[in-house]
Amino acid sequence: PNPRTYRKPDSPTMSMEPERRYDHESVMTSEFAYVWGGIGGENAQPFRRDTIHAFNLAQEKWQVYNATGDVPPPCYRARCDVIGDDIVTYGGKLQDGSRSSDIYVLDIPTKAWRHQNLAETSEKPVGRSSCCFCALDDSRAFLMFGGYSVDPGLSKQEGATWAPDSDSDSDGFNNELYAYEMLAENYGRWVGLKIAGGRPQPRCAAAMAPVDDHRALLHGGVGIQTC
């Protein structure tokens with residue numbers, strides 16, 4: 001098939017495909033595309049995150065796994081990426097309207113979630129949704145930029161800006177930049193990064209992709225003005 005042509009797979013397992021949803025999480029390995037979370041259904045509620053849908057890229061078949069362990073609470077607008085056999089997810093908007101600041105890791109072979117505790121030396125970014133979150137190549141570190149959150153107040157990163165959303169009483173856009181380092185199986189730390197040159201405008205719902213171990217490309221997003 002033409003590699004630049006969209007097509008819908010005609011799979012005998014389409015009955016196992018994810019329900020219609022949006023603001024969900026999805027990540028791809030060399031063999032599978034995984035989908036979970038998000039919001040949808042008749043009542044437009046966040047989906048549970050113990051149900052993982054996996055699409056076999058070679059066989060073009062869906063599979064469904066029931067994940068175990070420290071299953072994250074239902075949420076949407078979280079962000080994720082993959083390193084080795086680990087899928088790492090951060091943030092998101094919870095059912096009570098608050099925003100998560102937690103990191104969870106899904107072990108792909110066992111389909112078991114584990115919660116990451118923060119090291120004593122870790123900084124503590126305010127919880128957020130719709131941020132950028134991507135793994136750096138060949139490392140155990142992730143970059144996190146921006147997002148939608150309450151005013152970080154005194155915990156705001158030095159040099160960063162929080163811009164209130166005129167359509168909200170308490171939420172807004174920020175342009176903080178952090179690295180998350182996975183130090184061990186069950187804990188890690190956030191490190192605030194200083195920016196040389198012009199800092200991008202506060203925004204959420206942008207796209208960011210790694211270029212190499214030291215660079216990432218940021219594009220688009222929503223803020224107080226078009227990004």
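Because the model is predicted, local features were considered at pLDDT of at least 70 and side-chain atom pairs only at pLDDT 80 or more, whereas totals for chains, interfaces and linings use all residues. Residues are numbered from 1 along each chain as its sequence is written, and side-chain values use heavy atoms, with hydrogens and water left out.

Strand β16 covers residues 141-145; strands and helices are taken here as DSSP runs, numbered from the N terminus, of E over at least two residues for strands and of H or I over at least four residues for helices. Five of the five residues of β16 are buried, so this strand is largely enclosed by the rest of the structure, where buried denotes under 20% relative accessible area, exposed over 50% and partly exposed the range in between, computed with a 1.4 Å probe on protein chains only. The side chains of Ala141, Leu143 and Phe145 point one way from β16, while Phe142 and Met144 point the other way. Two strands are said to pair if DSSP finds at least two bridges between them. Strand β15 (residues 132-135) is joined to β16 by four bridges in an antiparallel arrangement, and within this pairing phenylalanine 133 stands opposite methionine 144. Strand β20 (residues 177-182) also runs antiparallel to β16, to which it is joined by five bridges, with alanine 141 placed opposite glutamate 181.

Phe133 and Phe142 also belong to one aromatic cluster, together with Tyr90, Tyr178, Tyr180 and Trp190. Nine aromatic pairs are found in the structure, a pair being rings of Phe, Tyr and Trp (its six-membered ring) whose centres lie within 6.5 Å, counted as stacked if the planes are under 30 degrees apart, edge-to-face if over 60 and tilted for the rest. One of these pairs is formed by phenylalanine 32 and tyrosine 34, which are tilted, with 5.9 Å from centre to centre and 40 degrees between the planes; both residues are buried.

An open sheet of three strands has the order β1-β4-β5, with antiparallel pairing. Strands β1 (21-22) and β5 (45-46) stand at its edges, each with a single partner strand, so one side of each is left without a neighbour in the sheet. Two bridges join β1 to β4 (residues 39-40), and glycine 40 in β4 is the bridge partner of arginine 21. The charged end of arginine 21 also sits over the ring of phenylalanine 47, 3.9 Å from its centre, the criterion being that NZ of Lys or CZ of Arg is within 6 Å of the ring centre and within 35 degrees of the ring normal. A further case is lysine 111, whose charged end sits over the ring of tyrosine 65 at 4.2 Å from its centre.

Histidine 53, found in strand β6 (residues 51-56), counts as buried at 9% relative accessibility. A polar atom of its side chain lies 3.1 Å from the backbone oxygen of methionine 16. Although isoleucine 108 and aspartate 86 are 22 residues apart in sequence, their C-alpha atoms are 5.9 Å apart in space. Leaving aside neighbours within four places in sequence, isoleucine 108 is in contact with residues including Thr29, Tyr34, Val82 and Asp86.

The structure holds zero disulfides, a disulfide being a pair of cysteine sulfur atoms within 2.5 Å. For cysteine 134, the nearest cysteine sulfur is that of cysteine 132, 7.7 Å away. Cysteine 134 is buried, with a relative accessible area of 1%, and cysteine 204 is buried with a value of 10%.

Positive phi values occur in residues other than glycine. Aspartate 23, in the loop between β1 and β2 (25-28), has phi near 55 degrees and is partly exposed, with a relative accessible area of 27%. Alanine 205, in the loop between β21 (187-192) and β22 (207-210), also has phi near 55 degrees, and this residue is partly exposed at 40% relative accessible area.

Technical notes: Polar contact = N/O pair within 3.5 Å; in protein donor to acceptor, adjacent residues only side chain to side chain. Contact = heavy atoms within 4.5 Å.
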